[in-house]
Amino acid sequence: MSAFIRRTGLIGALSLSLGVAACQTPEAPPPPPPPPMPDLALNSGVAEAAAVYLSYIGTSSSLSSSFSDGGQVRQSMLSAAAYEPVQLSRGMVAYAAIVALQSPEFVNGVRSLAADPANRDTLFRQIVADPAYAAQLPGARQAAGLIASQIQGTGNSMYAAGAAIKQTAYDIQRQRWSAQHVTDREARLEQVRVLGTIPLNPDYTSSATLQQAGLSGHGLSLAPAEATPPYTQAVVRGLALAALAALGQAGENNRPLTESLLNEPVSADCMNFTRLMILQCLAASRPHYEEIFCLGQHLMMDTAQCIIDSGGSYTLSPVAATALMASGQPTLEPAGSTTEGVSSEAQSPN
C-alpha cells in the first residue's frame, strides 16, 4: 500500500512539473548583432576627375614665360586652352574630397557618429538631402582647411605662371617678331574655342594613386590647416563627398550619387565666363604680344582666380606655419597669401 502511494505521489509530482514547464514561455534568442561599419569606399570616377584637374593645373603651371616666336606662343596657348570648364570644376571638387579624406579628425569623426546603424542611415540621408550638412560634422574645420589650402595652392601656382607670361607681353614689345600680326587669327580663335568643349582623358596611373590616397587617408603629405564657416560650394561638396566615402557610401554602387555631388555651379559659371573673355581677347588681338597678354591674363590668371576663389579662406596650424617660415620657402603673393587665402590683387572674372 505504501509503495502504491509513493508511486502515485511520484507520478503526480512529475505531472505537475511537466505542466509547469509547458506553461513557461521559452526564452527569445538574442538579437543579431548590428551590421558592421562598412569600409571606406571611393569609386574610380572621383579619382579620375581629380586626376584630370591636377594634370591640367600641372601643365598650365609649368608653361614657360619665355617666347622667341609666334609658334611657341601658339603652342602654349593651345596647352592652356585645353580644358572644359565644367569638367575642370568637377575635378576640383573631386580633388577636394580626396584631400578631405586625408584629415583623420574628419574621417574618424564621421565614422564615430555612424557606429550605430540607425545613426548611420540618418547621417547618409541628411548629407544626400543637403550636402552642407557635412560642414557641421566633427573634424569639418580641419578637413575644410586642408581643402582650402590645397585648392588655393594649385590656383596660386597657375596664377603665378600666368602673371609671368602677362609680364612678358610688356617686356618683349620691342622685339621685332612680337609686333608682327598673327596671320591666322580666325583659325587660332576656333582652335581655342573647340578645346574648351572637349573633355580631357584622365591619367589612370595618377587616378589610381589618388584613389588609394583617399581610401588610405595618407599619401598626399599635406600641412595641417583649419577653416571656419561659411565655406564655398566647392569646399562644401568636397566635404559631403568625403563624408559619404567615410560612411562607405561612395563606392561604385553609388556612382550616380557621387557624380551629382561633383556638380558645383559657382566655379563652373566663373570658368565659363572666363572662356568668353578669352575668346573676346583673342578676337581683338593683332600682334603676338597682345596674344601673349590674352594667354597670361585670361587663359591663366582669370581661370586661376576662379580656382583660388573656390578655396575660400584658411589658416595653417601653428606647427605648419612655423615649419613654413623655418624652411625659408617664398609665399605666392599675386592672388592671395599662403597662410590667409584671400585674394587682394587680381580681379575675379565674375
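Predicted model: local features only at pLDDT ≥ 70, side-chain atom pairs only at ≥ 80, totals over all residues.
**Exercise 1**

Task: Find which parts of the chain the salt bridge between Arg-90 and Glu-259 ties together.

Solution: 
- Start with the contact: the side chains of Arg-90 and Glu-259 form a salt bridge, at 2.4 Å from N to O.
- Then check accessibility. Buried means under 20% relative accessible area. Arg-90, with 17%, is buried, whereas Glu-259, at 26%, is partly exposed.

**Exercise 2**

Task: Determine how far apart in helix H6 Asp-121 and Arg-125 are.

Solution: 
- The side chains of Asp-121 and Arg-125 meet in a salt bridge of 2.9 Å, N to O.
- Both residues lie in helix H6 (residues 117-129); being four residues apart, they are separated by about one helical turn.
- Asp-121 is partly exposed at 41% relative accessibility, and Arg-125 is partly exposed at 44%.

**Exercise 3**

Task: Describe the second largest pocket by its volume and its lining.

Solution: 
- The volume of the second largest pocket is about 210 Å³.
- Its lining has 15 residues, and Pro-104, Glu-105, Leu-146, Pro-224 and Ala-225 are the closest to the pocket centre.
- Helix H5 (104-113), helix H7 (140-171) and strand S1 (225-226) each contribute at least two lining residues.
- Sorted by class, the lining holds six nonpolar, seven polar and two charged residues.

Key. Residues numbered from 1 in each chain as written. Heavy atoms only, no water. 1 Å grid on protein atoms, 1.4 Å probe; cavity = no way out; pocket = protein on both sides within 12 Å on 5 of 7 lines; lining within 4 Å. Points joined across faces, edges and corners; volume = space filled by probe spheres on them. Nonpolar A, V, L, I, M, F, W, Y, C, P; charged D, E, K, R; others polar. Salt bridge = Lys/Arg side-chain N within 4 Å of Asp/Glu carboxyl O. Buried < 20%, exposed > 50% of the residue type's maximum accessible area, 1.4 Å probe, protein only.
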